[in-house]
2 protein chains.
Amino acid sequence: MPSTDDILDVAAAVFAEMGYAGARVDEIAKAANVNKATLYYRIGDKDALYEAILKRMFAAKVANMEHMLKTFDDAEDRVRAFAAVLVDDEHPEHFSAIMLREIANGGRNLPDSILPFMSRLIGVLEQTLADGVAQGRFKPVNPFMIHMILVGACTLYATNGPIRRRVAKITAHDSWLNAELPISQVARAIAEMLLGGIRSS
Amino acid sequence: MPSTDDILDVAAAVFAEMGYAGARVDEIAKAANVNKATLYYRIGDKDALYEAILKRMFAAKVANMEHMLKTFDDAEDRVRAFAAVLVDDEHPEHFSAIMLREIANGGRNLPDSILPFMSRLIGVLEQTLADGVAQGRFKPVNPFMIHMILVGACTLYATNGPIRRRVAKITAHDSWLNAELPISQVARAIAEMLLGGIRSS
DNA sequence: GGGCATCTTTCAACCGTTCAGTTAAACCAA
DNA sequence: TTGGTTTAACTGAACGGTTGAAAGATGCCC
């Protein structure tokens with residue numbers, strides 16, 4: 001019999017792949033090998049299921065991010081690590097796809113209980129950048145803009161594989177589109193490019 | 001009596017706000033003040049409606065982008081203009097929200113007929129960057145990565161308003177989140193930061 | 001212009017399917 | 001036997017899509 005955590009794993013995958021509106025409770029129950037009523041008994045309705053997934057996902061991400069702050073002291077290393085943690089899904093967490101959908105959706109299905117996690121995530125970056133500016137390493141920048149660049153570029157790359165491959169197939173000059181770089185490497189490159197843009201020269 | 005174009009305007013807004021799976025054909029018909037059967041007679045089913053919107057949207061975006069190439073000669077100006085055109089929705093086109101959803105969705109509802117437009121969009125940036133490198137202005141870079149940064153950061157900012165405001169409300173240290181910068185200004189800042197990262201110093 | 005036929009456009013009502021959520025019975029361990 | 005847990009079957013609402021008949025529009029011959 002699958003544990004509640006197993007069910008959440010399956011549900012996260014379905015929500016990530018299909019979105020909230022596209023996800024089917026029947027499909028989640030079937031894929032998790034539990035009866036739909038069991039799912040309702042153990043977790044609750046579709047909203048509760050979604051909230052449970054988000055909570056688990058964000059709690060892990062925030063914990064990793066705040067641990068990262070303790071691990072690195074150098075401001076540039078922290079920016080690199082921020083990008084790395086952002087795209088690092090330990091169990092397949094599907095963080096990027098779910099975040100992207102939620103933002104495009106205007107947070108219509110985002111429960112209030114998740115907002116503090118998001119606030120702390122931005123807080124980590126805000127502190128990192130402020131420290132860098134205080135040390136004279138970075139130009140003064142809007143941390144929220146940096147957040148958009150990092151999160152946007154990383155999550156977009158993390159999720160655009162299927163479309164990229166289709167576009168590559170019809171593009172004559174396809175050298176770059178076919179690269180298939182691992183997301184960790186892309187996150188690194190994005191962080192590096194960003195650092196080039198904010199370093200006080 | 002609303003024209004077919006009027007219907008497409010309304011449908012684009014609904015698809016942008018609710019996503020493909022979340023959009024209701026009945027709702028589109030009602031909001032456009034036409035009977036549902038009229039919509040089916042004039043345009044076709046949900047897929048055809050979605051394809052018509054995407055075609056109109058991408059054709060306009062690609063045309064603007066290729067016109068931009070003729071307007072600007074300087075490589076840096078072209079990168080700035082690329083970002084500006086990306087976020088510029090002349091009629092409220094909802095380009096960003098629909099693109100973001102489509103990517104997060106793995107392009108499941110993206111018809112093949114749209115792929116050439118996407119290819120040309122990337123082509124414009126590829127050419128811009130290649131010219132810049134040839135002129136010794138830019139470091140050699142992966143244009144697709146640049147594309148991810150520009151599209152990711154711009155579209156994310158263009159659509160994250162509702163969530164940003166909710167997070168700002170619960171964040172004590174809210175100075176940056178409350179900025180409410182116009183998207184054109186943000187696109188400019190992102191382009192500028194990016195240029196800082198790729199300029200051959 | 002008047003009469004008539006043909007094509008286009010509109011509409012309310014309807015159909016089969018799918019969905020989230022419920023029920024009541026069955027199961028099982030203590 | 002009791003109380004927590006699981007199940008197949010069910011429900012009512014909502015969905016995408018269809019229909020057939022009525023209302024306009026268009027053209028054409030006299």
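**Helix packing in a predicted two-chain model**

Modeller: In this predicted model, A:Ala75, A:Arg78, A:Val79 and A:Phe82 of α5(A) meet A:Leu121, A:Val124, A:Leu125, A:Thr128, A:Leu129, A:Asp131 and A:Gly132 of α7(A).

Biologist: How do the residues of the contact of α5(A) with α7(A) divide into nonpolar, polar and charged?

Modeller: The side from α5(A) includes A:Ala75 and A:Arg78, while the side from α7(A) includes A:Thr128 and A:Asp131. Sorted by class, the residues of this contact divide into 7 nonpolar, 2 polar and 2 charged.

Biologist: Is α5(A) roughly parallel or roughly antiparallel to α7(A)?

Modeller: The axes of α5(A), which covers residues 75–87 of chain A, and of α7(A) come within 9 Å and cross at roughly 155 degrees. Angles over 145 degrees count as roughly antiparallel. The crossing is left-handed, and the angle makes the relation of α5(A) to α7(A) roughly antiparallel.

Biologist: And how are α4(A) and α7(A) placed, roughly parallel or roughly antiparallel to each other?

Modeller: Helix α4(A) spans residues 46–71 and helix α7(A) spans residues 115–134, and their axes come within 9 Å and cross at roughly 20 degrees. This crossing, too, is left-handed. An angle under 35 degrees counts as roughly parallel, and therefore α4(A) and α7(A) are roughly parallel.

Biologist: How many charged residues has the contact of α4(A) with α7(A)?

Modeller: From α4(A) the contact takes in residues including A:Lys55, A:Phe58, A:Lys61 and A:Glu66, and from α7(A) residues including A:Phe117, A:Arg120 and A:Gln127. By class there are 10 nonpolar and 2 polar residues, and the number of charged residues is 4.

Biologist: Turning to a pair from two chains, which class do the residues in the contact of α8(A) with α10(B) belong to?

Modeller: Helix α10(B), residues 183–198, packs with α8(A) at an angle of about 70 degrees, with the axes 11 Å apart, and the two are therefore roughly perpendicular. A:Met145, A:Ile146 and A:Ile149 of α8(A) meet B:Val186, B:Ala189, B:Ile190 and B:Met193 of α10(B). With no polar and no charged residues, the contact has 7 that are nonpolar.

Biologist: Why do the buried residues of α9(B) line one face of the helix, and what arc do they fall within?

Modeller: In α9(B), residues 161–170, the buried residues are B:Gly161, B:Ile163, B:Arg164, B:Val167 and B:Ala168. They pack against α6, α7 and α8 of chain A together with α8 of chain B. Seen down the helix axis, these buried residues line one face of α9(B), because they fall within an arc of 160 degrees.

Methods:
Residues are numbered from 1 along each chain as its sequence is written. Chains are lettered from A and ligands numbered from 1 in the order in which they are written. This is a predicted model: local features need pLDDT of at least 70, side-chain atom pairs count only at pLDDT 80 or more; totals for chains, interfaces and linings use all residues. Side-chain values use heavy atoms; hydrogens and water are left out. Axes are lines fitted to C-alpha atoms, for helices over the stretch in contact, and angles run from 0 to 180 degrees between N-to-C directions. Helices (H or I, at least four residues) and strands (E, at least two) are DSSP runs, numbered from the N terminus. Angles under 35 degrees count as roughly parallel, over 145 as roughly antiparallel, 65 to 115 as roughly perpendicular and the rest as oblique. A crossing is left-handed if the near helix is turned anticlockwise from the far one by less than a right angle, and right-handed if clockwise. Contact means heavy atoms within 4.5 Å. Ala, Val, Leu, Ile, Met, Phe, Trp, Tyr, Cys and Pro count as nonpolar, Asp, Glu, Lys and Arg as charged, and the others, Gly among them, as polar. Buried means under 20% relative accessible area, exposed over 50%, partly exposed in between (1.4 Å probe, protein chains only). The arc is that of the directions from the helix axis to the C-beta atoms.
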